[in-house]
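The following exercises are meant to be worked through with the sequence and the coordinates at hand.

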Amino acid sequence: MTLEELWRATLGEIEVSVSKAQFNTWFRGTSILSFENGKVIIAVPNGFAKEWLENKYNIIILHALNKNNREIREIACQVVQETPLPQKQNQNIDAVSARSQSTDPSTFSTLKIKQNTQLSTPYTHSFHSSNLNPRYTFSSFIVGENNNLAFAACKAVSEQLGTLYNPLFIYGGVGLGKTHLLQSIGNSVLEKDPSKEVLYTTTEKFTHKLITSIKNNTINTFKANYQKIDLLIIDDVQFLSGREKTQHEFFNIFNTLYQRDKQIVISSDRPPKSISTLEDRLRSRFEGGMIADINKPNFEIRFAILESKAIEKKLSFPEETLRYIAENITHNIRELEGALNRVLAFSQLQNIPPSPELAKKALADIIGSGKKKTITQKDVIQAVCSHYDLTPEELARKGRKKEITHSRHIAMFLLRSELKLSYKGIGRCFGGRDHTTAIHAFEKISSELEKNLTLKEEVNAVREKIYLFE
Ligand code: ADP
Ligand code: MG
């Protein structure tokens with residue numbers, strides 16, 4: 001295996017355990033510089049990425065590397081200027097990190113990873129790896145009124161697999177802790193009984209594997225493998241919508257497990273009834289178990305989460321700074337963590353204490369309007385497409401398929417409500433449709449929103465995606 005192949009395989013593993021956006025943000029533009037005496041040196045594009053890879057992802061990286069090469073015991077990150085900048089969010093920090101580039105020994109640190117049991121025996125189950133990130137545990141999850149139902153349900157399921165709440169369906173907006181809770185169940189089950197077969201997978205990964213197995217004529221092995229599982233965790237099931245063959249196979253696997261009292265846990269960004277293209281029989285299966293939602297955290301919870309993250313990272317941040325972040329970053333917890341890390345990076349890179357003033361500076365362009373700086377038409381279209389699993393071409397295409405028309409109406413509504421785009425302009429976004437179409441869409445959605453709570457949740461979920469900065 002060449003270094004390039006090793007890294008590509010490793011990234012493939014990592015991709016499963018982090019979100020797509022996290023993956024793009026932190027792992028794009030990285031490579032392996034060298035591998036000697038069990039030590040891998042990873043090239044990263046800037047100090048911010050180095051900070052994150054070392055503090056947040058070291059275990060995940062090592063774990064993934066180990067799957068491809070058991071000799072790797074240590075990793076280190078090195079800032080390498082030539083690597084192309086991965087993403088826009090870091091641009092204003094690059095000026096700062098550029099000062100401490102690769103010749104500075106302080107940017108070159110080695111992470112000695114303790115040889116704990118987790119790493120020397122990385123979840124070697126007979127089926128295959130559980131794909132769990134050991135960081136996600138019940139004990140590192142802050143419980144508040146916004147998530148206590150979901151937390152209690154997950155905890156209960158982890159203690160009584162298969163018979164209590166089956167399936168367990170957790171839903172809530174982006175970055176509110178669904179993946180964290182789902183994986184906590186898996187980690188807790190394995191901690192108590194390592195012989196259990198646990199599998200965490202994203203719906204995208206599941207679909208990909210399924211399609212590959214259909215192509216390679218190995219569908220029976222695929223199904224047989226799933227039937228061995230005691231706990232199947234499927235994240236982000238909204239992406240299952242519309243894929244008939246996938247839904248069919250999913251239903252079969254679901255039924256087999258269910259009939260054998262094997263536990264199934266599912267997450268989605270919306271309740272089953274709002275996944276518009278879900279097959280009815282799957283929807284009613286999902287609804288037949290326990291459904292729990294996660295809502296946005298209030299100030300107290302945001303503050304408590306920041307405090308716990310600061311302790312986790314052994315940071316001594318003044319209370320006022322944490323308060324400032326908690327007051328201003330309100331969308332979701334992923335952003336909250338991102339903000340904390342950003343302040344930390346500013347503070348370390350400039351060698352200034354993390355005062356509320358520094359936090360204000362570090363977060364200026366995030367907080368500003370409370371939202372992302374400038375939202376573009378493209379952001380809206382992208383969010384709608386990602387939510388409904390469509391391509392921009394499909395969204396714009398003429399035709400009367402009900403789901404697509406609905407998605408297009410939502411897009412038109414959001415272009416108007418979020419961007420104040422003219423109706424003419426909106427028509428132009430969709431292959432030169434007449435402005436009256438846009439007016440009709442806007443008015444239809446506006447009036448339905450007043451009486452339809454499900455639609456409201458749906459539009460909110462899409463809106464969140466527009467403003468999600470990562
Ligand atoms: P989702 O899957 O809902 O998009 P995640 O589970 O990925 O969200 O959560 C985003 C980040 O926020 C993760 O790093 C997670 O650990 C953290 N997080 C979310 N909720 C909590 C909580 N209640 N306590 C501690 N950390 C949390
Ligand atoms: Mg998630």
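This is a predicted model: local features need pLDDT of at least 70, side-chain atom pairs count only at pLDDT 80 or more; totals for chains, interfaces and linings use all residues.

**Exercise 1. The surroundings of ligand 1**

Task: Determine how many residues surround ligand 1, which elements contribute to the shell, and which polar contacts reach its nitrogen atoms.

Solution. 
1. Begin with the shell. Ligand 1 is surrounded by 19 residues, and G175, T179, H180, R334 and E337 are the closest.
2. Sort the shell by class. Seven of its residues are nonpolar, seven are polar and five are charged.
3. Examine the polar contacts, for which the cut-off is 3.5 Å between N or O atoms. I142 contributes through its backbone: an N or O atom there lies 2.8 Å from a nitrogen atom of ligand 1. K309 contributes through its side chain, with a polar atom 2.9 Å from a nitrogen atom of the ligand. In N147, a polar side-chain atom lies 3.4 Å from a nitrogen atom of ligand 1.
4. Consider burial. Ligand 1 taken alone exposes 560 Å², and 97% of that area is buried by the protein.
5. Assign the shell to elements. Two or more residues come from each of α8 (178–192), α13 (299–312) and α15 (333–350).

**Exercise 2. The second largest cavity**

Task: State how many cavities of 30 Å³ or more are counted, and describe the lining of the second largest cavity.

Solution. 
1. The count gives five cavities of 30 Å³ or more.
2. The volume of the second largest cavity is about 140 Å³.
3. Its lining consists of 14 residues; S17, I60, H63, K67 and L132 lie nearest the centre.
4. Helices α1 (3–17) and α4 (58–68) each provide at least two lining residues. The largest share, five residues, belongs to α4.
5. By class, the lining of this cavity comprises seven nonpolar, five polar and two charged residues.

**Exercise 3. The second largest pocket**

Task: Identify the residues closest to the centre of the second largest pocket, and find which element gives the most to its lining.

Solution. 
1. The second largest pocket has a volume of about 540 Å³.
2. It is lined by 16 residues, of which N55, N58, I59, R135 and E312 are the closest to its centre.
3. The elements giving two or more residues to this lining are α3 (47–55), α4 and α15. With three residues, α4 gives the most. Helix α4 also supplies the largest share of the lining of the second largest cavity.

**Exercise 4. Two backbone features**

Solution. 
1. Omega for the bond from N166 to P167 is near -5°, and the bond is cis.
2. P167 is located in the loop between α7 (148–159) and β5 (168–172).
3. Phi of N131 is near 65°, a positive value in a residue that is not glycine.
4. N131 lies in the loop between α6 (117–120) and α7.

How values were computed: Residues are numbered from 1 along each chain as its sequence is written. Chains are lettered from A and ligands numbered from 1 in the order in which they are written. Side-chain values use heavy atoms; hydrogens and water are left out. A residue is near a molecule or strand if one of its heavy atoms lies within 4 Å of it. A polar contact is a pair of N or O atoms within 3.5 Å; within protein, one must be able to donate a hydrogen and the other to accept it, and residues adjacent in sequence count only if both atoms are side-chain atoms. Accessible areas come from the Shrake-Rupley method with a 1.4 Å probe; for residues, only the protein chains shown count as cover. Helices (H or I, at least four residues) and strands (E, at least two) are DSSP runs, numbered from the N terminus. Ala, Val, Leu, Ile, Met, Phe, Trp, Tyr, Cys and Pro count as nonpolar, Asp, Glu, Lys and Arg as charged, and the others, Gly among them, as polar. On a 1 Å grid over the protein atoms alone, a cavity is a set of points where a 1.4 Å probe fits but cannot get out, and a pocket is an open set with protein on both sides within 12 Å along at least five of seven lines; lining residues have an atom within 4 Å of a point. Grid points are joined across faces, edges and corners, and a volume is the space filled by probe spheres set on the points.
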